[in-house]
Amino acid sequence: MCLKKLTFLTIFLICHNLYSQQNIKIIGYIKDVNYNELPNSNIIVYDFDKILSYTYTDKFGFYEINLNKATRNSLKIVVKSLGFQQQEKIISIYDKSTLAVDFILEEKVEQLNEVVLEAWEKIKVKSDTITYKSSAFKDGSERVVEDLLKNIPGIEVSSDGNIKVNGKAIDKLLIEGDDLFNDKYKLLTKNLDANNIEEIEVLNNFEDNPVLKSFQESEKVALNLKLKEDKKNVWFGNLDLGYGIDNRYNSTANIGLLKKKIKFFNLTNTNSIGRTAISQVKNTGTLNFNGFDTNKKIEKTSNELVNIDNLSSSNFSNNEDIFNNSFLNSLSFVTSLSKQTKLRSLTYFTYDEIDKQNNNLTEYFIEPETIAFNEQNEIDIKDLSFATELELKHYSKNKTYLTYDFTFENNPTQTRGNLIFNGDNISQVQDDKKYNFFNHLNITKKIADNTLLLAYGYLGINNTEQDYTIQPNIFNDVFSNDEGLTINQNSNTPLNYYGLISEIVSKNIKSEYGLEFSATIDRDKIENNLRFDNQTPIDTLSNNTEYKNSKLSITGKYNYDISRLFKISTSLRISQNYLNVNETKKDFLFVNPKIRFHTKKTKIGNFGISYSYQNNLPQVRYITEDFILTNYRTFNRGTEEIQQINNHSFGFFYTFNNYKKQFLINSFLLHSFADKSYGLNSQITELTNFNQYQIIDGGKLTNYNLSITRYLKTFSSTLKISAQQSWSNNPIIINNYIGEVLNYSANYRIQGTTYFKLPLNFKFGFQYNYSKGEFDNQISTNDYLEGNLDTTLKLSEQWLFKIENNFYSINNNDYWFTNANLNYNPEKSRFSYRLTANNLSNISKFRNVFISEFQRNETNFRILPRYILLNIKYRF
């Protein structure tokens with residue numbers, strides 16, 4: 001009996017010990033050094049190199065893991081959290097069922113907590129934020145924020161005002177951490193006084209969505225402008241009045257208020273020095289490399305069939321050939337309705353009167369003989385635009401982030417053209433009425449520690465109406481009618497589209513899974529009729545094309561961390577398209593894969609390769625049944641063939657960012673080709689161009705870009721070297737001749753800025769463009785040189801002189817432009833004065849010769865004559 005009791009007791013103890021070893025609960029808190037909770041931290045438990053379990057902390061930084069298997073008495077716990085250094089602990093589990101293991105994480109620093117470059121003394125690198133002290137990059141001649149940004153290493157401002165950081169388009173431009181202008185940030189950069197800015201922050205791995213920010217790392221980049229302390233919590237602004245000879249003027253009036261609960265800006269500008277208002281509110285495109293993007297916006301615009309403003313553009317970067325009278329006013333604000341809710345609004349009004357004049361000689365080298373015509377153009381444009389945007393953002397306590405925004409745009413335009421064509425006077429009138437209405441709703445919800453739900457709905461309503469008249473009847477020979485008749489064409493192109501896209505994303509230690517469903521509908525229409533005077537419209541020159549594309553798609557996404565340094569991202573989209581064109585129905589099934597292999601942050605930089613396969617359907621303008629008049633000599637017509645276009649794209653990129661030494665490299669190589677495309681079959685005569693779309697062989701395109709930016713400490717300057725090259729191969733049909741157009745273009749540029757601790761500093765640049773084309777055994781080349789040297793001389797603390805020299809050489813035509821300005825800033829005064837002299841050499845005309853594969857085009861532009869402008873600015 002005693003033996004039985006002893007045996008039972010032994011078995012009980014063994015079982016109890018085994019149970020204790022197999023059922024272990026580990027709990028704890030994850031906090032930072034300031035004892036703030038760290039939600040969504042990742043906790044992994046290892047037995048040797050084998051992962052036993054993992055979990056994430058809740059919103060209080062608490063975690064709990066239950067284990068039911070272990071092969072030894074000690075385990076390793078590893079904790080990771082975005083923005084913090086990884087930490088691990090070895091724990092003993094012998095004879096324990098519950099353990100409390102807390103972690104205190106230190107902030108993760110990629111370079112150093114703070115790096116000060118001795119030469120500049122004003123650059124700090126802290127984790128993913130690079131801060132530039134604006135005073136270290138000013139030479140005193142900067143008027144607006146855009147001028148200041150051009151001085152910052154690694155920041156590029158294109159001629160149209162778009163901003164990139166080391167080759168990547170910015171996602172947002174913030175001011176004191178808030179977004180007031182969304183993609184209309186040029187309103188701010190081209191109008192806000194640069195003197196207000198204290199620091200510029202580059203925000204890498206930026207994410208505006210707080211739910212998404214806690215879920216994954218971002219590849220976006222943003223800029224944040226920090227104002228001087230005396231500009232915060234008070235009304236501030238400036239009034240700048242400028243007037244000169246020949247009725248030249250440039251005046252601004254800005255007012256702003258930046259408080260914790262509200263930020264407000266009203267920006268006004270009026271000028272006649274070539275700076276159009278509409279160019280400041282054109283949308284800015286951004287590139288997104290993420291697996292999903294909660295800031296996505298699907299916005300489309302309806303077709304514009306007629307464009308008589310088809311004058312070729314000059315190569316000038318300072319708008320020397322634009323004659324204008326422009327006015328702009330924008331009102332923007334962002335306010336906190338509560339701790340979780342923000343409201344943003346932007347309303348703007350623009351008005352431009354633009355006068356364009358040029359002489360143009362065009363020659364087509366086409367068998368059996370050359371076709372040539374001469375144009376003397378004078379075009380007057382009155383362009384008015386009114387728009388308002390409203391955006392609401394709400395972050396609820398149940399880990400849900402919601403954004404809703406709508407935009408209404410109204411843009412009527414009047415264009416009047418007087419043309420002398422081969423000696424004949426032609427009058428053209430184009431009246432456009434355009435409006436766009438956009439709606440967007442984005443919802444991001446964290447439904448579990450490792451699972452995210454995203455939903456996006458959109459609605460767009462757009463329309464463009466165009467009335468076009470030509471006098472006299474220049475087509476009387478073509479249509480065998482009276483020359484005294486007036487040609488009238490009316491067109492209407494409504495576009496309605498809407499859709500719903502939802503995605504669920506889940507992740508574990510190394511993998512991320514996504515499944516996306518979408519249902520979208522596009523309704524597009526082209527209505528036009530052409531008649532002579534009030535006669536019956538001509539059937540062969542009238543269209544009533546209705547286009548509807550209903551699409552259902554499912555997309556699977558998978559991202560995998562191969563190692564600490566390498567990652568692979570893949571997606572596969574399957575979509576069913578139901579196309580209905582004028583009651584003709586067709587179905588298309590598309591399978592579009594994408595794959596991308598890339599590194600994470602490494603000491604030698606980041607690189608990646610990608611491949612994508614894309615199917616596309618023709619747009620409605622490719623499938624109109626009859627001809628449409630698009631300008632005084634050109635008719636376009638669609639095709640009855642509706643086929644899908646398949647496109648392959650390969651890509652490679654490499655970037656290197658060492659902000660400590662200000663050494664930046666950005667490069668990419670893209671190659672794409674299609675098996676077929678919608679191309680034009682052109683019939684060209686001395687009087688008309690008749691173009692018809694048809695299916696032709698596809699083309700090829702290869703682009704390469706390399707840019708290197710380096711701070712040269714020895715010379716106290718920044719140097720940037722860049723190279724861009726492009727190769728293309730496209731089929732073309734002209735006057736029944738089928739040929740292939742081969743193009744090559746290259747752009748090489750070197751530019752620099754000095755930061756001498758001297759009264760004298762420079763900005764310099766040199767650019768060389770080369771292009772080569774081949775068609776029908778004809779080879780043509782073009783050369784273009786551009787150089788600039790800006791010299792700033794600080795005469796005293798109050799006086800500053802700057803001279804700008806720009807040199808252009810285009811096909812052996814040389815031009816030298818010189819601009820100068822003198823600035824006087826009295827000490828302890830709110831007033832400042834500026835005297836500007838532009839085009840001192842008084843160049844009045846500019847001749848550009850462009851030779852393509854089958855055409856020679858010689859254009860003479862009118863240039864803004866020499867003028868002197870005096871500005872008086874008052875800051876408050």
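**Salt bridges, cores and surface of a predicted model**

In this predicted model, Glu146 and Lys190 form a salt bridge in which the closest N and O atoms are 3.0 Å apart; a salt bridge here is a side-chain nitrogen of Lys or Arg within 4 Å of a carboxyl oxygen of Asp or Glu. The pair links distant parts of the chain, 44 residues apart, with Glu146 in helix H2 and Lys190 in the loop between helix H3 (186–189) and strand E15 (197–206). Helices (H or I, at least four residues) and strands (E, at least two) are DSSP runs numbered from the N terminus. Helix H2 itself covers residues 145–149. For Glu146 the relative accessible area is 9%. Beyond neighbours within four places in sequence, Glu146 is in contact (heavy atoms within 4.5 Å) with Val157, Gly161, Thr189 and Lys190.

Residues are numbered from 1 along each chain as its sequence is written, and side-chain values use heavy atoms, with hydrogens and water left out. As the model is predicted, local features need pLDDT of at least 70 and side-chain atom pairs count only at pLDDT 80 or more, while totals for chains, interfaces and linings use all residues.

The structure holds 34 salt bridges. One of them joins Arg344 to Glu391, with the closest N and O atoms 2.9 Å apart. Arg344 lies in strand E21 and Glu391 in strand E22 (residues 371–396), so this bridge ties together parts that are 47 residues apart in sequence. Arg344 is buried at a relative accessible area of 3%, and Glu391 is buried at 6%. Arg344 and Glu391 also belong to a network of salt bridges that includes Asp183, Lys184 and Glu389. In another bridge, the side chains of Lys356 and Asp309 meet at 3.1 Å, N to O. Lys356 lies in strand E21 (residues 341–364) and Asp309 in the loop between strand E19 (262–271) and strand E20 (323–336), so the two tie together parts 47 residues apart in sequence. Lys356 counts as partly exposed at 28% relative accessibility, and Asp309 counts as partly exposed at 22%.

Attention now turns to the nonpolar side chains. A nonpolar core is a set of buried Ala, Val, Leu, Ile, Met, Phe, Trp, Tyr and Cys residues joined through side-chain atoms within 4.5 Å. The largest such core has 47 residues, and Ile155, Ile200, Leu223 and Phe265 have the most contacts inside it. Strand E16 (residues 220–227) gives the most to this core, with four residues. A second, separate core of 40 residues includes Leu541, Phe590, Ile623 and Ile734.

Strands E17 (235–244), E47 (831–838) and E50 (867–875) each supply at least two residues of the patch, and E50 provides the largest share, four residues. Leu870, found in strand E50, counts as partly exposed at 42% relative accessibility.

Most residues other than glycine have a negative phi, and most peptide bonds are trans. A cis peptide bond joins Gln471 and Pro472, with omega about -5°. Asn40, not a glycine, has a positive phi of about 65°; Asn40 sits in the loop between strand E1 (24–32) and strand E2 (42–47) and is buried at 8% relative accessible area. The phi of Asn582 is also positive, near 50°, and Asn582 lies in the loop between strand E31 (566–581) and strand E32 (584–599).

Finally, a word on confidence: the chain averages a pLDDT (the predictor's confidence in each residue, from 0 to 100) of 88, and 93% of the residues score at least 70. Over residues 6–21 the pLDDT is below 50, and this stretch has six contacts beyond near neighbours in sequence. Where pLDDT is low, the predicted coordinates should not be read in detail.

Note on methods. Buried means under 20% relative accessible area, exposed over 50%, partly exposed in between (1.4 Å probe, protein chains only).
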